[in-house]
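Hi,

Here's the structure I promised to pass on. Have a look at it first, and then read my notes below.

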Amino acid sequence: MAISNATLAGLTRKQLLEMHYRMSLLRRFEEKCAEEYTRGKIGGFMHLYIGQEAVGVGSITTLEPQDRVLSSYREHGHAIMKGIEPQAVMAELFGKSAGCSKGKGGSMHMWSNERGMFGGNAIVAAQLPMAAGVAFAAQYLGEPRVTMCFFGDGAVDEGAFHESLNLASLWKLPVVFICENNQYSMGMAVEKAWAVDSLMPRAAAHNMPGEQVDGMDVIAVYEAVKRAVERARNGEGPTLLEVKTYRFRGHSMTDPAYYRTREEEHQWRNTRDPIGIFEKKLLEQGVATQAEFDKNDERATQVAEDAAEFAENSPYPTPEDLYADVMVDGSTALAFRRKRE
Amino acid sequence: MRTLTYRDALREAIREEMLRDDRVFIMGEDIAGYGGTYAVTKGLFEEFGEKRVRDTPLAEEVITGTAIGAALGGLRPILELMTINFSLLASDQIINSAAKFHYMFGGQPQIPLVIRMPGGGGAQRGAQHSQMLETMYAHVPGLKVVAPATPHDVKGMLKSAVRDPNPVLFIEHELLYNIKGEVPDEGVEYTIPLDRGEVKREGQHVTLITFSRMLHVTLQAAEDLAKEGIDAEVIDLRCIRPIDIDLLVDSVQKTNRVVIAEEGWKYYGTGQGLAALIYEFAFDYLDAPIQHVTGADVPMPYSKPLERLAMPDKNAIVKAVKAIVPAALTQGIAR
């Protein structure tokens, strides 16, 4: 097959190369984040997505611009994939005004009304009920929007997971629940936390279709999520996907990951890197060349560099910003009738 | 004017807001076919149907999160939680999500949500069903917390709450639903702002500050005091957050004496917060220490005589007033 006409999973060569670029961008962007964190430019908690790029890229590639994404605190990748500029994400990490949440949120709280990125939630599983509500609003208003909700394997242990799936199934809401099972909820191995060895019984328990997916294979993710998104868009209700993946780094920047072996990590990095797997597939199918991968990687590295430079040179919020946007109407705890000095 | 119960006035407000704006819908446990635990939503399911009057599973955390999500998605939800006691299960969504999102995400998301829930004791419902808890939520920036006490106020304030762009916790009281009061005729549109208290009885000797069901107890106490020549001003706070601070300061400047009466617990609560504010803004006008009448510092007991003892009554208010209003004052000799 001539390279220019090659397709995979119904995706054109151009789309496939764009997915490769996106995966490279998330990788390079977060490597830059780690560097800036070490330099003290980024504070607080920061949870990197490195190793899980195939999930965010494969999933969000299936969405339309009007669709909405809700996520956990490991959401830099989802935010960028949903269309927030890398510069705005990096500026948010730096706590600058130009950040996508004006520097008030930080690593765990990325938002854009315009792009349909609805956070960044740092309470485990809190985004699931809200995703049901966002999906309900679309259903109520007759809008053709799908809501996609990302969460980790730890969120499955929360009551909100079960209550949300029940409600979403009961009301046939246009939502796709994507569990990124990276196999550790912080330091707790999933087999020590789950009484089941897969999420499929839990999908069945709430009467919705479930599918297990190899989260290191971006094409497999894309195909499974596409089916779920189509079901949601056609009014057939929610789907639960368990996407098996692995985070190459610790839970957060300060986690030395004593709960797993270095051998296990090396095994995953060396044989299951989602970017490497995708490149191998594209080369084997004759869809793209190494030179094109290198070009994508160079571009991604440059965008990450530029984002950091932009964030560095952006101003911090002003003292006046401290009290801005607590309430939509600007009200405060004390409602004065007379003007005060 | 006509006379309506608190319950009927509340239902009328919900109905009128649903007629005014298609985005307004109500959800909660047993609010549709059953008509609501306290029959507030009775008849609305028949009128508006399943789309806009939605029964939910018994899952307070998730239905609250769903209501927040619905607001984020462009709707104006009115969520009924069966009682404020159950809101503790939803407190993560209320405090960590609803109160924070507008600020935490740089002013982008808005959550125009009303959470209705009754609190309070006095019906022998035991420790887990007799709490006020408004103070817990009023502590948190990002929320509005209101507790109307009369049919007139509950209607006007519910309408304002639905139109407010912020999350509003709308705290009713289990013993208020049957009380009656004057409400403007049907079709006479009115709203009451969510940052204004009201002087419900004018007086000159002492300011009694209260809210929710305790307003009615306090008004009775004021009547008793009047018989003894003590002229009490009664302020219904109506809004716990924001606080109508100048209304309180103005009254203190006039009377120089304050008694705060509330049903909830004393320590670290609404009354103590108000007392601290009055000391901060009107210390120089006070002629006596602020008195505080509250519920007993115990989990609510079930047994009727014990429950009565645990709840503040009008005699406790009268006693507190007499402790700081000297007889000479009311006889017009002092000052």
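One thing before we start: this is a predicted model.

α5 of chain A covers residues 127-141, so to speak a run of 15 residues. From first C-alpha to last, α5(A) reaches 21 Å, close to the 21 Å expected at 1.5 Å a residue. How many residues of α5(A) are buried? The count is 13 of its 15, and the helix is mostly covered.

Now go on to strand β6 of chain A, residues 147-152. Six of the six residues in β6(A) are buried, so the strand is largely enclosed by the rest of the structure. Which residues of β6(A) sit on each side? Thr147(A), Cys149(A) and Phe151(A) are on one side, while Met148(A), Phe150(A) and Gly152(A) are on the other, and both faces are covered.

Next, the neighbours of β6(A):

- Strand β3(A), residues 68-71, pairs with β6(A) in the parallel sense over three bridges. Here Arg68(A) has Thr147(A) as its bridge partner.
- Strand β7(A), residues 175-181, also pairs with β6(A) in the parallel sense, over six bridges. Thr147(A) turns up again, standing opposite Val175(A).

If you follow the chain through β6(A), α6(A) and β7(A), you trace a right-handed β-α-β unit.

Helix α6 of chain A (residues 159-170) is where you'll find Leu170(A). Is Leu170(A) buried or partly exposed? A residue needs 20 or more other C-beta atoms within 10 Å to count as buried, and 12 or fewer to count as exposed. Leu170(A) has 15, so it is partly exposed. Leu170(A) is also 9.5 Å from Met208(A), C-alpha to C-alpha, although the two are 38 residues apart in sequence.

Last stop, the place where the chains meet. In chain B, 40 residues are in contact with 43 residues of chain A. On the chain B side, the elements giving two or more residues are α3 (60-72), α4 (91-98), α5 (101-104) and α9 (245-255). The largest share, nine residues, comes from α3(B). By type, the residues on that side of chain B divide into 18 nonpolar, 15 polar and seven charged.

Cheers

Definitions and conventions. Residues numbered from 1 in each chain as written. Chains lettered and ligands numbered in written order. Predicted model: local features only at pLDDT ≥ 70, side-chain atom pairs only at ≥ 80, totals over all residues. Helix = DSSP H or I, 4+ residues; strand = E, 2+ residues; numbered from the N terminus. Expected span 1.5 Å × (residues − 1). Pairing = 2+ DSSP bridges. Right-handed = clockwise from strand over helix to strand, strands pointing away. Contact = placed C-beta atoms within 7 Å. Nonpolar A, V, L, I, M, F, W, Y, C, P; charged D, E, K, R; others polar.
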